[in-house]
Amino acid sequence: MNYFALIPAAGVGARMAVGYPKQYLPLLGRPMLRHTVEAFLRSPLIAHTYVVVSPEDGYVADVLPPDMAGVTVLRCGGATRMESIRNGLRLLAPMVGADDRVLVHDAARPGLTPALVGKLVAEAGTEPAGGLLALPVVDTVKSTRGGGVTTTPRDGLWLAQTPQMFPYALLRRALEEAPDPDAITDDASAVELLGLSPRLVEGHPRNLKVTLPADIRIAEMYLSMESTQ
Ligand code: CTP
Ligand code: MG
């Protein structure tokens, strides 16, 4: 069984609003996408890394030169994250076997480390339903859904991160069969709709998704720290 990384990097970064896609934002002087890709290049477990960008992307060649070893850029990004991933999975068909595992990881999570990749593979690498990094909720959770305010016990609640890892054939089927692609906010939820329970593996706060301008300095703080996690 081989492990492949698939990195969706075809978003526009509307909430970051820097005038170009946030995956190219410099963090400690290097583009975010470069940090993200290197977590996989430095992991001995990953056979190859694929990066999905939009067909019009004019930045990627400077960040991931065509002759760079271990990584291939796919210009098949779609209108949503899920479409980008679905398009990427289709192109992977000749290279990846049905039981090989695909680790889908947001370009916008540059704090990933080879140690976290290793932990995910060690704890869920052979799970038929796959697995994902997630963080146990530490705050008390409030809900305003019913009109008033209620409290949901945080016990048993997790925040999903990526990588989210599944057998190739299972993930393709889950995303092709998803009834409402717009309602699928992560890959695991599509697999859950097939009646399966992916395994949750505890991640680390350094693997935050860089979404808002305030996240930039937090990401840089983690990137400047030695990664023992
Ligand atoms: N993504 C993608 N294709 C899309 C939309 C998003 O590949 N059509 C990727 C992003 O590049 C990112 C990941 O999915 O690496 C997570 O998405 P998000 O953090 O929401 O990034 P953006 O969609 O770029 O940001 P925003 O929602 O603020 O526009
Ligand atoms: Mg988005």
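Which element gives the largest share of the lining of the largest pocket? The answer is β10, with four residues.

## Basis of the report

This is a predicted model, in which local features need pLDDT of at least 70, side-chain atom pairs count only at pLDDT 80 or more, and totals for chains, interfaces and linings use all residues. Residues are numbered from 1 along each chain as its sequence is written, chains are lettered from A and ligands numbered from 1 in the order in which they are written, and side-chain values use heavy atoms, with hydrogens and water left out.

## The largest pocket

Rolling a probe the size of a water molecule over the atoms shows where empty space is left. A pocket here is an open set of points on a 1 Å grid over the protein atoms alone, where a 1.4 Å probe fits, with protein on both sides within 12 Å along at least five of seven lines; lining residues have an atom within 4 Å of a point.

The largest pocket holds about 800 Å³ of space, a volume being the space filled by probe spheres set on the points, which are joined across faces, edges and corners. Its lining has 35 residues, and Arg15, Lys22, Arg81, Asp106 and Lys209 lie nearest the centre. Two or more lining residues come from each of α3 (81–92) and β10 (158–167). Helices (H or I, at least four residues) and strands (E, at least two) are DSSP runs, numbered from the N terminus. By class, the lining has 15 nonpolar, 11 polar and nine charged residues. Ala, Val, Leu, Ile, Met, Phe, Trp, Tyr, Cys and Pro count as nonpolar, Asp, Glu, Lys and Arg as charged, and the others, Gly among them, as polar.

## Ligand 1

Ligand 1 sits in the largest pocket, meaning that more than half of its atoms lie within 2 Å of the grid points. Around ligand 1 are 18 residues, each with a heavy atom within 4 Å of it. Gly13, Ala14, Lys22, Ser84 and Lys209 come nearest. This shell has eight nonpolar, five polar and five charged residues.

An oxygen atom of ligand 1 lies 2.7 Å from an N or O atom in the side chain of lysine 209. Backbone atoms take part too: a polar one of glycine 13 is 2.8 Å from an oxygen atom of the ligand, and a polar one of glycine 78 is 2.9 Å from a nitrogen atom. The protein covers 87% of the 560 Å² of accessible area that ligand 1 has on its own, by the Shrake-Rupley method with a 1.4 Å probe.

## The second largest pocket

The second largest pocket has about 270 Å³ of space. Among its lining residues are Arg109, Trp158, Gln161 and Lys209. β10 gives the most to this lining, with four residues.

Methods. A polar contact is a pair of N or O atoms within 3.5 Å; within protein, one must be able to donate a hydrogen and the other to accept it, and residues adjacent in sequence count only if both atoms are side-chain atoms.
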